[in-house]
Amino acid sequence: MIRVLLADDHRILREGLKGLLEQEPDLEVVGEAEDGLAALRMTRDVKPDVLLLDIAMPKLNGIEVARRVMAAQPSTKIVVLTMHSDSRYVREMLALGVSGYLLKDCAFDEVVDAIRVVGAGRVFLSPEIGGVVADMVRQGGGDADDPLAVLTIREREVLQLLAEGYSGREVGERLHISAKTVETHRRHIMEKLGIRTIAGLTKYAVKAGLTHLDF
């Protein structure tokens, strides 16, 4: 039995996937997460065999979730299920060590195949992503270095939440830190990135792929 955790901010997609996956005799859905922080917490608590993970999620995006899961709990295999085929996302996710990458327009059977292949310790890429990877190899590795590399993990979390419109107090509540600490992080982020306004931070976060404006 392969234990699967679903992480996607769209409830209808989670419920649809859960209903279909639970019809498979060898698959068990052990939880559903509606945002990145919940996905991180539930991965730690239920220890799934496979985390089916979207990239564009509120509170903590899928790239950051994958980064932290791979570091703290490498026994959990990650299959990315996303609408994003841009080589920037593919490159970063594969560099982090995810085991599968699928696009949301794939057939359900492909999702099941990916979970089984990854659960068996192998890698699964959808045909469309295979083409992106081939292009990256031909181009010598793809895009430039991560533009957010100068930021700490906590600073990335703060930047994403600020870019999503949360106040300093609300960011502190979600990350369990004080509003004063949030302000300190915000100041450091602006200094490191050379940005002076929250609007500028939001534009930068979207351009860097840290967050999206379609939540």
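## Cavities

On a 1 Å grid over the protein atoms alone, a cavity is a set of points where a 1.4 Å probe fits but cannot get out, and its lining residues have an atom within 4 Å of a point. Grid points are joined across faces, edges and corners, and a volume is the space filled by probe spheres set on the points. This is a predicted model, in which local features need pLDDT of at least 70 and side-chain atom pairs count only at pLDDT 80 or more, while totals for chains, interfaces and linings use all residues. Residues are numbered from 1 along each chain as its sequence is written, and side-chain values use heavy atoms, with hydrogens and water left out.

The structure holds 2 cavities of 30 Å³ or more. The lining of the largest cavity divides into 4 nonpolar, 2 polar and 5 charged residues, where Ala, Val, Leu, Ile, Met, Phe, Trp, Tyr, Cys and Pro count as nonpolar, Asp, Glu, Lys and Arg as charged, and the others, Gly among them, as polar.

The second largest cavity holds about 50 Å³ of space, and β1 (2–7), α1 (11–21) and β3 (50–53) each supply at least two residues of its lining. That lining comprises 7 nonpolar, no polar and 2 charged residues, among them Leu6, Asp8, Leu17, Leu53 and Asp54.

## The largest pocket

A pocket, by contrast with a cavity, is an open set of points with protein on both sides within 12 Å along at least five of seven lines. The largest pocket has a volume of about 200 Å³, and the elements that give two or more residues to its lining are α2 (36–46) and α8. The largest share, 5 residues, comes from α2. By class, the lining of this pocket divides into 4 nonpolar, 1 polar and 7 charged residues, and it includes Asp35, Arg41, Arg44, Lys59, Arg68, Glu157 and Arg174.

The buried residues of α7 include Glu155, Arg156, Glu157 and Gln160, and what covers them includes α3 (62–72), α4 (87–96), α8, α9 and α10. Glycine 165, which follows α7, has a positive phi near 100°.

Glutamate 64 is found in helix α3 and is buried, with a relative accessible area of 2%. Leaving aside residues up to four places away in sequence, glutamate 64 touches Arg156 and Leu210, contact meaning heavy atoms within 4.5 Å.

## Helix α9

Helix α9 (residues 179–193) has 15 residues and reaches 21 Å from its first C-alpha to its last, close to the 21 Å expected at 1.5 Å a residue, the expected span being 1.5 Å times one less than the number of residues. In α9, Val182, His185, Arg186, Ile189, Met190 and Leu193 are buried. These residues cover an arc of only 135° around the axis, which puts them on the same side of α9; the arc is that of the directions from the helix axis to the C-beta atoms.

On the other side of α9, Lys180 and Glu191 are exposed, that is, over 50% in relative accessible area, with partly exposed residues in between. The buried residues of α9 pack against α7 (153–163), α8 (168–175) and α10 (198–207). Just after α9, glycine 194 takes a positive phi of about 70°.

Note on methods. Helix = DSSP H or I, 4+ residues; strand = E, 2+ residues; numbered from the N terminus. Buried < 20%, exposed > 50% of the residue type's maximum accessible area, 1.4 Å probe, protein only.
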